[in-house]
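Please keep the sequence and the 3D view at hand while reading.

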Amino acid sequence: MAKITYIEHGGAEHVIDVKSGLSVMEGAVKNNIPGIDADCGGACACATCHVYVDAAWTEKTGKPSAMEESMLDFAENVEPNSRLSCQIKVTDLLDGLVVRMPESQH
Amino acid sequence: MGDETRGVVIVGAGHAGGTAAALLRQYGYASPITLIGDEPVAPYQRPPLSKAWLKGEADASSLALKPDDFYAEAGIEMILGTTVTGIDRTGKTVSLSDGRQLTYDFLILATGARARTLPLPGADLKGVLSLRSAADAEALKSALGPGKRIAVIGGGYIGLEAAASARALGADAVVIEREPRILARVACRVLSDFFTSYHQARGVTFEVSAMVEGFAGENGHVTGVKLGDGRTIACDAALIGVGAPPNDELARESGLHCENGVVVDDHARTSDPAVFAIGDVAWRPMPRYERMFRLESVANALEQARQAAAAITGRPVSPHEVTWNWSDQYDLKYQFAGLPFDADDIIVRGDPANAKFAVFHLKGDVIEAVEAVNAPAEFMAGRQLIGQRRPISRVRLADMTVSMKEVAA
């Protein structure tokens with residue numbers, strides 16, 4: 001289980017307990033948090049679950065796979081701490097994770 | 001907007017219907033919303049049914065589009081396990097199988113498509129399956145396992161994904177295809193050849209240019225698929241994956257204009273301004289191609305749900321999206337965008353032998369469509385270039401040492 005803070009582009013914060021094994025994207029979608037679209041449902045096929053991982057958490061969340069990197073390469077407003085949230089698996093180690101959503105996923 | 005207190009009735013609680021309901025609220029629609037579905041479950045994702053879910057890598061709760069309490073909290077009335085039996089467009093009412101009648105200001109038809117059946121001898125034997133709903137997927141999953149053999153009729157995405165999942169579960173799979181190559185309707189020859197080899201290397205057998213004449217059975221259960229050449233392919237179960245015709249009967253009966261699905265404009269509006277049709281059931285304009293099409297994809301369901309919700313709430317409709325879709329088989333990620341109707345040439349970037357390549361369909365120097373296998377950069381860049389209609393350098397496109405970023409620059 002991990003407590004994850006999802007921060008909308010406008011600043012609104014949502015703090016949610018997400019079960020280990022789910023992806024950070026699923027945590028958002030299952031709790032109806034706006035800002036993550038996840039059109040393909042987590043198949044790493046659409047790049048609409050884009051998030052910015054807080055600097056304090058980039059090491060613990062790890063690096064994206066080559067597949068994810070390629071997808072991210074063509075998403076909008078990508079930063080060095082950008083990730084596709086459907087590819088970040090939640091574990092106890094991510095308790096306290098903070099992610100920010102971009103202004104739009106499309 | 002006038003006196004709109006009856007609200008929106010959405011017929012069909014699948015991906016398009018569920019999304020339309022949620023978007024209406026997101027866009028500020030305050031009148032009643034009723035979502036009616038004939039399945040006993042709330043809107044869920046179908047793509048995993050032939051992939052992760054079938055392989056046991058996802059559970060039912062991970063399929064739901066929204067959390068259970070979403071609909072009640074959003075004031076969306078859910079009527080599940082119920083069919084709409086008729087539409088009275090003059091009186092603006094729909095009749096339900098439970099005897100009720102609902103009134104509407106706007107009606108959204110999201111009745112989707114159904115798995116095409118084959119009316120052949122033995123088709124009603126136990127073990128002759130389709131794959132459309134979660135219930136279908138349960139039946140299919142039970143039929144797969146080590147030592148089992150499944151005959152897959154139809155070499156399209158459903159068939160190939162099921163074959164790949166069958167192999168992952170230790171079952172044998174034979175794919176029986178009517179055309180001379182698999183994926184004939186939806187992909188180019190390079191892709192057909194690639195997927196045939198990839199599947200064969202993983203133990204799948206193919207019978208192409210093969211007509212199915214019927215099913216053999218014993219004790220009411222299927223034991224084989226009878227081919228036109230006289231052979232019978234032995235099997236423990238058969239999956240029919242030969243396409244999905246639109247569920248447009250309700251629309252036809254109510255007098256709406258239908259072709260291969262319910263005819264709509266680029267706001268997903270039907271021939272009746274108070275009625276929309278979205279998702280797999282819709283026959284829609286494809287502005288880039290100057291023709292109508294029925295796009296069977298999640299992306300289309302989402303785009304048309306956005307169009308209908310925007311039209312109803314008076315929001316501007318977003319610009320047309322490039323059509324795209326995906327198919328996961330084994331460890332392959334196959335992503336494709338655009339449609340190659342007007343293409344006059346293809347460029348293969350990368351080598352299919354490495355299972356990392358893309359086929360670009362061009363009209364002159366403009367990319368019209370891209371089919372990418374394990375090549376997300378090619379897919380993403382291709383999709384952008386298709387939308388921009390920007391000419392590119394064919395030489396650079398074919399050269400893997402030039403990154404897609406550089407090609408697209």
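Helices (H or I, at least four residues) and strands (E, at least two) are taken as DSSP runs and are numbered from the N terminus. From the N terminus on, the elements of chain A follow the order β-β-α-β-α-α-β-β, that is, 3 helices and 5 strands. The model is a predicted one, in which local features need pLDDT of at least 70 and side-chain atom pairs count only at pLDDT 80 or more, while totals for chains, interfaces and linings use all residues. Residues are numbered from 1 along each chain as its sequence is written, and chains are lettered from A, and ligands numbered from 1, in the order in which they are written.

**Chain A as a whole**

- The radius of gyration is taken over C-alpha atoms, and the globule rule is 2.2 Å times the number of residues to the power 0.38; a compact globule of 106 residues would come near 13 Å, and chain A, with 12 Å, agrees with this.
- Along its principal axes, the C-alpha atoms of chain A fill a box of roughly 30 × 25 × 25 Å.
- A residue is called buried if 20 or more other C-beta atoms lie within 10 Å of its own, exposed if 12 or fewer do, and partly exposed in between, with C-beta atoms placed from the backbone; by this count 42% of the 106 residues of chain A are buried.
- Two residues are in contact if their C-beta atoms, placed from the backbone, lie within 7 Å; among contacts in chain A between residues at least 6 apart in sequence, 65% join residues at least 24 apart.

**Where the chains meet**

- In the contact between the chains, 16 residues of chain A touch 20 residues of chain B.
- On the side of chain A that touches chain B, the elements giving two or more residues are helix H1 (24–30) and helix H3 (66–73) of chain A, and the largest share, 4 residues, comes from H3(A).
- By class, this side of chain A has 8 nonpolar, 4 polar and 4 charged residues, where Ala, Val, Leu, Ile, Met, Phe, Trp, Tyr, Cys and Pro count as nonpolar, Asp, Glu, Lys and Arg as charged, and the others, Gly among them, as polar.

**Chain B as a whole**

- Chain B contains 11 helices and 25 strands; its radius of gyration is 22 Å, close to the 22 Å that the globule rule gives for 409 residues, so chain B is as compact as a globular protein of that length.
- The C-alpha atoms of chain B fill a box of roughly 65 × 60 × 35 Å along the principal axes, and 48% of the 409 residues in chain B are buried.
- A nonpolar core is a set of buried Ala, Val, Leu, Ile, Met, Phe, Trp, Tyr and Cys residues joined through C-beta atoms within 7 Å; the largest such core has 157 residues, and those with the most contacts inside it are Ala20(B), Leu109(B), Ala238(B) and Ile278(B).
- Not counting residues up to four places away in sequence, the residues that Ile278(B) touches include Ala16(B), Ala20(B), Ile108(B) and Gln304(B).

- In helix H4 (residues 134–143) of chain B, the buried residues are Ala137(B), Leu140(B) and Ala143(B); they cover an arc of only 120 degrees around the axis, which puts them on the same side of H4(B), the arc being that of the directions from the helix axis to the C-beta atoms.
- Ala135(B) and Ser142(B), on the other side of H4(B), are exposed, whereas the buried residues of H4(B) pack against strand E8 (128–129), strand E9 (149–153) and strand E15 (237–240) of chain B.
- In H6(B), the buried residues are Leu191(B), Ser192(B), Phe194(B), Phe195(B), Thr196(B) and His199(B), and what covers them includes helix H5 (157–168) and strand E11 (205–207) of chain B.
- Just after H6(B), Gly203(B) takes a positive phi of about 90 degrees.

**Loop residues of chain B**

- Asn219(B), in the loop between strand E12 (212–218) and strand E13 (221–227) of chain B, has a phi near 55 degrees, a positive value in a residue other than glycine.
- Asn219(B) counts as exposed because it has 7 C-beta neighbours inside 10 Å.
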